[in-house]
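Let's take a tour of a protein model, one piece at a time. Keep the picture open while you read.

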Amino acid sequence: MWEIVYLYKLNAYEKTVKKVMQLKNYILALVFFLMVTTIKGQFIWQIALGTSNTDYSIDMITTQDSNYLVVGASGGLGLYLAKIDTGGNILWEKWHNNAGGIVNTICETVDSGFVAGNRMYNGFGYEGFLVKFNANGDTLFTLRDSANLGSEVYKVWLAPDGNLLASIDYHGVGALVKIDNNFNVLARIDNITKAIKGVEIINNTIYVLLNDSINNLLMIDDNLAQIDTVTLPVLFPLHLLANYNADEVVIYGRDSSFWQNPHKMVYVDLLGNVTQVCDSVTVPDVFNGHIIDDFEPIDNQGHLLFVSQYYQQQWGSDVKLYWTDKCGQVIKDTILYRWSFNTSLNERASKLIVDNEGNYLVTGYAQEGPLGGDDIFVFKYKKVVIPVEEENPKEEEEEFLKPILYPNPFIDGFVIKGISANTKITVFDMSGRMVEQQASTGTDFIFTTTHWAKGLYVIQLRSITTIINFCLLYTSPSPRDRG
């Protein structure tokens, strides 16, 4: 069975190519598109959202009916909302001039409506702002209230009792406010002097991660009364999430203000006890200037999925996914190339969610999108099952399951990992001509490709029982790579 693991993207800067070469590239793209759509691929669907103006994605949630809601900003039109079903079909789109332009966050309420929050300028300064939408994205009512909402609403969550919890900037000092669905204040915690880096609600306990080195995990009850504080063994907390089983919280951070290293994962049980600390997180390419946009636990074995921006001088920025173990050690990664014939689709992810079926939804924004200007994109990526390693695997089970080829694109060579001995490796160009054939002698194999022509190649791995095909791009080094 054929399996295309990586997608190919044409050179984004070939604006002056002759029409004949454009036709050739189009035919090549069409052939590759047919390959991807008729052969087993990892993308389930991709869509572009927004207007003909500049649009960018802010947040995305899974709704109670298992569909998806995307919120974004639309240049010249204000707030943009879109509801998408599980097949990638747009159920409805709404634009709102009266919703404060840009919002920071959105959540679904118990009555299947939605609440978004941000700030609005009143002529003298900013004041916190909330807007309530019905299930079809129509505005029901709004609230601008600096006395209760301060100068900005950062994020809104659904509280355990069905009310709402909002993180706000109370005129320079952080605060948490509990409100009902009509925006009446029920309880609050003021004077949170350190920035709130994340909130997770598990059962009836609210876990609040603070940007501090002591007492940096706050545990409060549904009435916002303090239960306990925990000092985490990480000086600069960055992200807080519940694990897949919701029986622990996961904290990602670092021990230095210097963004590169070291990165850490800290696990805390629901009573506030630190259960595990990992000091050597390897994701995601922090030495190359890439940063984490979001991450999510993906299974009950502790595996994580990270999403980040991957920059190449030749093609601009793309979204990159990293599958890791519980301690952030990379098991598998892939760059999510998208198509353009004439310009760079510089892309940045803003939100990652794992849906009810275990598939991955990523939203973000891309320059020069198909709708005009910058567009919001959403893609659904097929669930990846990471096999659990056995302590003493049987010899007859050594056939490769998930081989890894990297880098892609490659310059003068690439590496194959995770194959069995005597695997036949055959390389084809896009015309179907066999370029090279080798047999592996172990689990790893290195190809040197300086004698190949630049272009797209299919690498076929054949064992006794399995055939898998990968698509790799051989490209010239960028000026930065040449030193």
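## A sheet to start with

In what order do the 4 strands of the open sheet with S14 line up? The order is S14-S15-S16-S17, and the pairing is antiparallel. Strand S14 (196-202) and strand S17 (226-230) are the edge strands, each pairing on one side only. From one strand to the next, the twist averages 20°. Strand S16 (residues 217-221) runs antiparallel to S17, and 4 bridges join them. If you'd like a spot to look at, Met 219 sits opposite Asp 228 in S17.

A few words on terms. Strands (E, at least two residues) and helices (H or I, at least four) are DSSP runs, numbered from the N terminus. Two strands count as paired if DSSP finds at least two bridges between them. Angles run from 0 to 180 degrees between N-to-C directions, using axes that are lines fitted to C-alpha atoms, for helices over the stretch in contact. In general, strands of a sheet pair through backbone hydrogen bonds, either parallel or antiparallel.

## What kind of model this is

This is a predicted model, in which local features need pLDDT of at least 70 and side-chain atom pairs count only at pLDDT 80 or more, while totals for chains, interfaces and linings use all residues. Residues are numbered from 1 along each chain as its sequence is written, and side-chain values use heavy atoms, with hydrogens and water left out.

## The whole protein

The protein has 2 helices and 35 strands. Of its 483 residues, 51% are buried (buried is under 20% relative accessible area, exposed is over 50%, partly exposed is in between, with a 1.4 Å probe and protein chains only). Take the contacts (heavy atoms within 4.5 Å) between residues at least 6 apart in sequence: 46% of them join residues at least 24 apart.

## A strand with a partner on each side

Strand S11 (residues 164-170) has 6 of its 7 residues buried, so it is largely enclosed by the rest of the structure. Strand S10 (residues 152-158) pairs with S11 in the antiparallel sense over 6 bridges. S11 is also joined to strand S12 (residues 173-179), again antiparallel, by 7 bridges. Ser 167 is a handy landmark: Lys 155 stands opposite Ser 167, and in S12 the bridge partner of Ser 167 is Leu 176.

Now for the turns. The hairpin of S10 and S11 has 5 residues between the strands, and Gly 162 there takes a positive phi near 95°. The hairpin of S11 and S12 has 2 residues between the strands, and here His 171 takes a positive phi near 55°.

## Another open sheet

Another open sheet of 4 strands has the order S32-S31-S34-S35, with antiparallel pairing. S32 and strand S35 (467-474) stand at the edges with a single partner strand each, so one side of each has no neighbour in the sheet. Neighbouring strands here are turned by 20° against each other on average, direction ignored. Strand S31 (residues 424-429) and S32 pair over 5 bridges, and Thr 426 stands opposite Gln 437 in S32.

Is Ser 440 buried or exposed? Ser 440 is buried, because its relative accessible area is 1%. Beyond its neighbours within four places in sequence, Ser 440 has contacts that include Ile 419, Asn 422 and Phe 445.

## Rings and a sulfur link

The whole structure holds 19 aromatic pairs (rings of Phe, Tyr and Trp, its six-membered ring, with centres within 6.5 Å; planes under 30 degrees apart are stacked, over 60 edge-to-face, the rest tilted). Tyr 80 and Trp 95 have ring centres 5.6 Å apart and planes at 55°, so this pair is tilted. Tyr 80 is buried at 0%, while Trp 95 is partly exposed at 37%. Phe 410 and Trp 452 have centres 6.4 Å apart and planes at 80°, so they are edge-to-face. Both belong to one aromatic cluster, whose members also include Phe 445 and Tyr 474.

How many disulfides does a search of the whole structure find? There is 1 (a disulfide is a pair of cysteine sulfur atoms within 2.5 Å). Cys 278 and Cys 327 form it, with their sulfur atoms 1.9 Å apart. The pair links distant parts of the chain, 49 residues apart, and both cysteines are buried.
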